[in-house]
Amino acid sequence: MVICATGVYGKTESDFFDNLLSENITLFIDVRLRRGMRGKKYSFVNSLYLQEKLKEINIKYLYLKGLAPTSEIRQEQKVEDDKNDTKKSLRTELHSNFIEKYNNNILDNFNFDQILELIKKEKIVFFCVEEHCKACHRSLLLKRLKEGFNIDGYCF
């Protein structure tokens with residue numbers, strides 16, 4: 001069993017959906033807190049449009065808000081980004097405060113049974129926005145699945 005994770009920054013609409021198809025994704029799991037994007041550049045991942053497009057290309061959609069970092073946890077990263085004058089879209093890694101809080105408050109309390117069942121039937125991709133996987137909580141999710149459940153994963 002193998003799972004994937006992807007972001008949207010740095011991709012065009014056609015690149016984004018072509019990548020999903022080339023990876024043979026059958027289930028798209030949205031793990032964002034907010035499912036909307038500002039501006040036109042990435043409007044194709046706004047929830048309603050995204051769900052319609054995925055339906056057109058025969059990829060199922062699931063929203064798991066329980067895997068999204070809370071506003072409080074996101075604020076931890078924002079403080080560090082501001083200190084380092086780093087834009088979210090250009091971040092390459094997460095701060096240790098964010099990692100600790102996400103692991104302790106989200107992953108430690110999440111029931112993975114549903115995901116473990118879905119992995120048996122689907123080729124899953126976890127989705128958030130950051131271009132670099134290590135700059136996003138989806139990298140922590142992949143790490144937890146590997147360490148806790150021996151499920152391999154990669155980012156594309």
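In the predicted model, a search of the whole structure identified 1 disulfide. This bond connects Cys133 with Cys155, and the two sulfur atoms lie 1.9 Å apart. The pair ties together distant parts of the chain, its members being 22 residues apart. Cys133 belongs to the loop between strand E4 (124–127) and helix H6 (137–149), whereas Cys155 belongs to strand E5 (residues 152–155). Cys155, at 33% relative accessibility, counts as partly exposed.

Cys4 takes part in no disulfide, and the nearest cysteine sulfur, which belongs to Cys155, is 8.6 Å away. Cys4 is buried, with a relative accessible area of 0%. For Cys136, the closest cysteine sulfur is that of Cys128, at 3.8 Å. That separation is too far for a bond, because a disulfide requires the two sulfur atoms to be within 2.5 Å. Cys136 likewise counts as buried, at 1% relative accessibility.

The packing of helices was considered next. Helix H1 (residues 13–22) and helix H2 (residues 47–56) have axes that come within 12 Å and cross at roughly 45 degrees. On the H1 side, the contact is made by Glu13, Phe16, Phe17 and Leu20. On the H2 side, Tyr49, Leu50, Lys53 and Leu54 take part. Sorted by class, the residues of this contact comprise 6 nonpolar, no polar and 2 charged.

The axes of helix H4 (residues 96–105) and H6 come within 11 Å and cross at roughly 50 degrees, and H4 is accordingly oblique to H6. H4 passes H6 in a right-handed crossing. Phe98, Ile99, Tyr102 and Asn103 of H4 meet His137, Leu140 and Arg144 of H6. The contact of H4 with H6 contains 4 nonpolar, 2 polar and 1 charged residues.

Two individual residues were then described in terms of their surroundings. Thr6 is located in strand E1 (residues 2–6). With a relative accessible area of 1%, Thr6 is buried. When neighbours within four places in sequence are left aside, Thr6 is in contact with Lys11, Phe16, Leu20, Val125, Phe126, Phe127, Cys128, Arg138 and Phe156. Among these partners, Phe16 and Leu20 also take part in the contact between H1 and H2.

Glu80 is placed in helix H3 (residues 71–83). Glu80 counts as buried, at 11% relative accessibility. Leaving aside neighbours within four places in sequence, Glu80 is in contact with His95 and Asn97.

Methods
Residues are numbered from 1 along each chain as its sequence is written. This is a predicted model: local features need pLDDT of at least 70, side-chain atom pairs count only at pLDDT 80 or more; totals for chains, interfaces and linings use all residues. Side-chain values use heavy atoms; hydrogens and water are left out. Axes are lines fitted to C-alpha atoms, for helices over the stretch in contact, and angles run from 0 to 180 degrees between N-to-C directions. Helices (H or I, at least four residues) and strands (E, at least two) are DSSP runs, numbered from the N terminus. Contact means heavy atoms within 4.5 Å. Ala, Val, Leu, Ile, Met, Phe, Trp, Tyr, Cys and Pro count as nonpolar, Asp, Glu, Lys and Arg as charged, and the others, Gly among them, as polar. Buried means under 20% relative accessible area, exposed over 50%, partly exposed in between (1.4 Å probe, protein chains only). Angles under 35 degrees count as roughly parallel, over 145 as roughly antiparallel, 65 to 115 as roughly perpendicular and the rest as oblique. A crossing is left-handed if the near helix is turned anticlockwise from the far one by less than a right angle, and right-handed if clockwise.
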